[in-house]
Amino acid sequence: MHLHPTGQFNNDARPYRHFTVRPLAAAMGAEIVGVDLRTVQDAAFGELQDALYHHKMIYVRDQMLTHSDQEAFSQRWGQFAEDAYTSGIAGHPNVHPLIKEADDPSTMVFGSGWHTDSPFLPKPPSLTILYAVEVPPWGGDTIWANSALAYASLSDTYRKILSKLQVHFSLRDVLRSAQSAVKPSDSPIGKLAATRALHDLPEHLQRKIEGSVHPLVRVHPVTGERALYVDDTYAVGIAGMTLEESAPLLKFITEHLTQPAFTCRLRWAAGTLAMWDNRLCVHQAFNDYAGHRRELYRTTMAGEVPQSIA
Ligand code: SIN
């Protein structure tokens, strides 16, 4: 048994019949070896689901996927999610390009800052699927933190306090940062950067700034696992608290959640597909590859209204 040092999680591979698993770190993450995602049969797919919920993030190397293949694989997991603020490519409205050009001087990239995807929506996406086409020679990694392990590592007393709290999530702070740190362009984050005043924003973005309130401790709809549902990017307050009251609490929880012991980090290569469960982990992209191009394609799957413990 290779238990995480906290004793709260075991990221060991389970014995599957259709592929092998190589755990990435003690806290979470695993490589799936021996599958072609274009031809996964139902039995293998069931094992992939189990591996995803167990390891929180799984990835597969050396895939040769067209946009249609990525769409078809994504649809095995359910309906596509509502677009948060990116848009799809011609002919594939649910496949969203994440491209940073080599000469883009922005000091912020899409996915900067620890976050769970689009929690400002009433029904945030359940899963995110990201496929790499071109990656820089170094840098451009993605890092994840296991929010179920972070929850399990808290004291009973603190968990009891958190169990009643609701987090207010909003796009507000990302919009402000994009306006100052990103070069306006046609890219998703470049479009945010190009907006200059709240009244310039289309109605769908105004709704995302107003945001949504969700339970801080979330119960996974399939496995029943409990996890912290909070982040450092979109969580702007706690319902019913003043800013002065909620800020130190959010600071403690997000620092606890994103400590290195709870993380894993992926070095991308062209042909790598990674997917993660936004209900069980948070993640962050690095902007450390200036002078190099990075091209990935993202799909997100529809989620449910987050459920609290009670
Ligand atoms: C994201 O936050 O979904 C993007 C992650 C990445 O580009 O590494």
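Visitor: How far is the sulfur of Cys-281 from the closest cysteine sulfur?

Guide: This model is predicted, and a search of the whole structure finds 0 disulfides. A disulfide requires two cysteine sulfur atoms within 2.5 Å. The closest cysteine sulfur to that of Cys-281 belongs to Cys-264, and the pair is too far apart for a bond because the separation is 7.9 Å.

Visitor: Is Cys-264 buried or exposed, and what is its relative accessibility?

Guide: Cys-264 takes part in no disulfide. A residue counts as buried when its relative accessible area is under 20%. Cys-264 is therefore classed as buried, with a relative accessibility of 2%.

Visitor: Which strands each supply at least two residues of the shell around the ligand?

Guide: The residues around the ligand include Trp-276, His-283, Ala-285, Arg-294 and Arg-298. By type, the shell divides into 5 nonpolar, 4 polar and 2 charged residues. At least two shell residues come from each of two strands, E14 (281-285) and E15 (294-301).

Visitor: What distance separates an oxygen atom of the ligand from an N or O atom in the side chain of Arg-294?

Guide: A polar contact is a pair of N or O atoms within 3.5 Å. A polar side-chain atom of His-283 lies 3.0 Å from a ligand oxygen, and one of Arg-298 lies 2.9 Å from a ligand oxygen. For Arg-294, the distance between its side-chain N or O atom and an oxygen of the ligand is 2.8 Å.

Visitor: Which residues form the covered face of strand E7, and which the uncovered one?

Guide: In a regular strand, side chains alternate between the two faces of the sheet. Strand E7 spans residues 166-169. Its uncovered face holds Gln-166 and His-168, while its covered face holds Val-167 and Phe-169.

Visitor: How many bridges join E7 to strand E11?

Guide: E7 pairs with strand E8 (residues 212-215) in the antiparallel sense over 4 bridges, and in that pairing Gln-166 stands opposite Pro-215. E7 also runs antiparallel to strand E11 (residues 235-238), where Phe-169 stands opposite Ala-235. The number of bridges between E7 and E11 is 3.

Visitor: Which backbone oxygen does the side chain of Ser-212 reach at 2.8 Å?

Guide: Ser-212 is located in strand E8 and counts as buried, at 8% relative accessibility. A polar atom of the Ser-212 side chain lies 3.4 Å from the backbone oxygen of Leu-121. At 2.8 Å, the side chain of Ser-212 reaches the backbone oxygen of Phe-120.

Visitor: Is Asp-62 buried or exposed, and what is its relative accessibility?

Guide: Asp-62 is found in the loop between strand E3 (57-60) and helix H2 (67-75). Although Asp-62 is not a glycine, it has a positive phi of about 55°. A residue counts as exposed when its relative accessible area is over 50%. Asp-62 is therefore exposed, with a relative accessibility of 66%.

Visitor: What value is phi of Ser-118 near?

Guide: Ser-118 lies in the loop between strand E4 (96-100) and strand E5 (127-134). Ser-118 counts as buried, because its relative accessibility is 4%. Phi of Ser-118 is positive in a residue other than glycine, and its value is near 50°.

Definitions and conventions
Residues numbered from 1 in each chain as written. Predicted model: local features only at pLDDT ≥ 70, side-chain atom pairs only at ≥ 80, totals over all residues. Heavy atoms only, no water. Buried < 20%, exposed > 50% of the residue type's maximum accessible area, 1.4 Å probe, protein only. Near = heavy atom within 4 Å. Polar contact = N/O pair within 3.5 Å; in protein donor to acceptor, adjacent residues only side chain to side chain. Nonpolar A, V, L, I, M, F, W, Y, C, P; charged D, E, K, R; others polar. Pairing = 2+ DSSP bridges.
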